[in-house]
Amino acid sequence: MRRESGRQGNLGPTTVFSSGVPRCGYPGGREEFLRKPLEGSRRGEDEQEALQPLQEPAHSNAQMDLDVVNMFVIAGGTLAIPILAFVASFLLWPSALIKIYYWYWRRALGMQVRYVYHEDYQFCYSFRGRPGNKPSLLMLHGFSAHKDMWLSVVKFLPKNLHLVCVDMPGHEGTTRSSLDDLSIDGQAKRIHQFVEVLKLNKKPFHLVGTSMGGHVAGVYAAYYPSDICSLSLVCPAGLQYSTDNQFVQRLKELQEPEAVQKIPLIPSTPEEMGEMLQLCSYVRFKVPQQILQGLVDVRIPHNNFYRKLFLEIINEKSRYCLHQNMDKIKVPTLIIWGKQDQVLDVSGADILAKSIDHCQVELLENCGHSVVMERPRKTAKLITDFLASVHSTGNKKLD
């Protein structure tokens, strides 16, 4: 007889004889021996069931990873839509971006747009704050611009000032009528109508104007002295010089009918827009081609009006209107001028200073005609300090 000892899976120790029949090792004998494999099989199934919960988290983790990926794909697609819209707008409709830009800055600076009417004539303006102890500021923009050109200066003005920026006659949201008097005299009277409707002259206010707007502001100060308490003129037009600069000489040639289409301040192409920016600015801005195109697209629908207006303000009735009335300006006046102005010669500051009492002159180095755009922080500071020195009580500065 041969005796072997060993283990068979989970069946426990057995004694096997050469006959192959187990005789001992299990209390139940043969029946118990035969039942054990079946129980072992069932136990294996139970173990597999027990392992299933351990295997499910791995599957769940994979599903979770997939959900995270899907979430990022959806989020990326959601973000891509406005990005693609921005790129498309930049390439296809740059003028729309420019309008959105101004809308955003008005909102960011707290400027609200409103409309008022004098009879059937509509004025569009933006404002911030309310009239208070300090003088309100009324700001007049230049030729072919609009009220939003002042936003770069508004950014640096004290928030406790009441600011009003109006679209000049025929510009942007203000009525454009073929019957309107677009001369400097006519524009000054229109602005007075706006002031009356808004009751801005209930208390004397500070009037600010640049270029053509400066021309109108100076004439307004001469016509309506009781309306204003002080005046700021930023490189104003309307003065007569002993010698004409190159730009003015060129303007005189434009009175010929065939030259009307070539007015340098009325661009019709991106290239002409770039040339105008170089003419008006000492600082050489690097403006992308698409932005130049957008600036032109915004202006082209209005170019016929701009030509009509330009010819009106350079004719004999209007050209030197400020010069003819500057000795009637009796309020404290601040003159700001860029030394490198190629449009209106800086010597105009001396002409005004000699004719206006209580006149303060500030000449800005490395600055051209577009003072408001080139030096907005400096412009805001000069106006704020001037107001403080003229109107503060007990030398208390405006804050």
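**Packing and confidence in the predicted model**

Phe 123 lies in strand 5 (residues 121–128). Strands (E, at least two residues) and helices (H or I, at least four) are DSSP runs, numbered from the N terminus. The structure is a predicted model, in which local features need pLDDT of at least 70 and side-chain atom pairs count only at pLDDT 80 or more, while totals for chains, interfaces and linings use all residues. Residues are numbered from 1 along each chain as its sequence is written, and side-chain values use heavy atoms, with hydrogens and water left out.

Phe 123 is buried, at a relative accessible area of 0%. Buried means under 20% relative accessible area, exposed over 50%, and partly exposed in between (1.4 Å probe, protein chains only). Contact means heavy atoms within 4.5 Å. Beyond its neighbours within four places in sequence, Phe 123 is in contact with Arg 114, Tyr 115, Val 116, His 118, Thr 174, Arg 190, Gln 193 and Phe 194. Met 168 is 45 residues from Phe 123 in sequence, with 8.2 Å between the C-alpha atoms.

In helix 9 (residues 303–313), the buried residues are Asn 303, Phe 305, Tyr 306, Arg 307, Leu 309, Phe 310 and Ile 313. They pack against helix 4 (184–198), helix 5 (212–223), helix 6 (246–253) and helix 8. Leu 309 of helix 9 has 0% relative accessibility. Leaving aside neighbours within four places in sequence, Leu 309 is in contact with Phe 143, His 171, Leu 182, Gln 187 and Met 212. The C-alpha atoms of Leu 309 and Ser 183 are 7.9 Å apart, across 126 residues of chain.

Helix 7 (residues 270–280) and helix 8 (residues 289–299) pack at about 95 degrees, with axes 8 Å apart. Axes are lines fitted to C-alpha atoms, for helices over the stretch in contact, and angles run from 0 to 180 degrees between N-to-C directions. The two helices are therefore roughly perpendicular (65 to 115 degrees; under 35 is roughly parallel, over 145 roughly antiparallel, the rest oblique). Helix 7 contributes Pro 270, Glu 271, Met 273, Gly 274, Met 276 and Leu 277, and helix 8 contributes Gln 289, Leu 292, Gln 293, Leu 295, Val 296 and Arg 299.

Mean pLDDT (the predictor's confidence in each residue, from 0 to 100) is 83 for the protein chain, and 73% of residues reach 70 or more. Over residues 30–34, pLDDT stays under 50, with four contacts beyond four places in sequence. Residues 393–399 also stay under 50, with nine such contacts. Where pLDDT is low, the predicted coordinates should not be read in detail.
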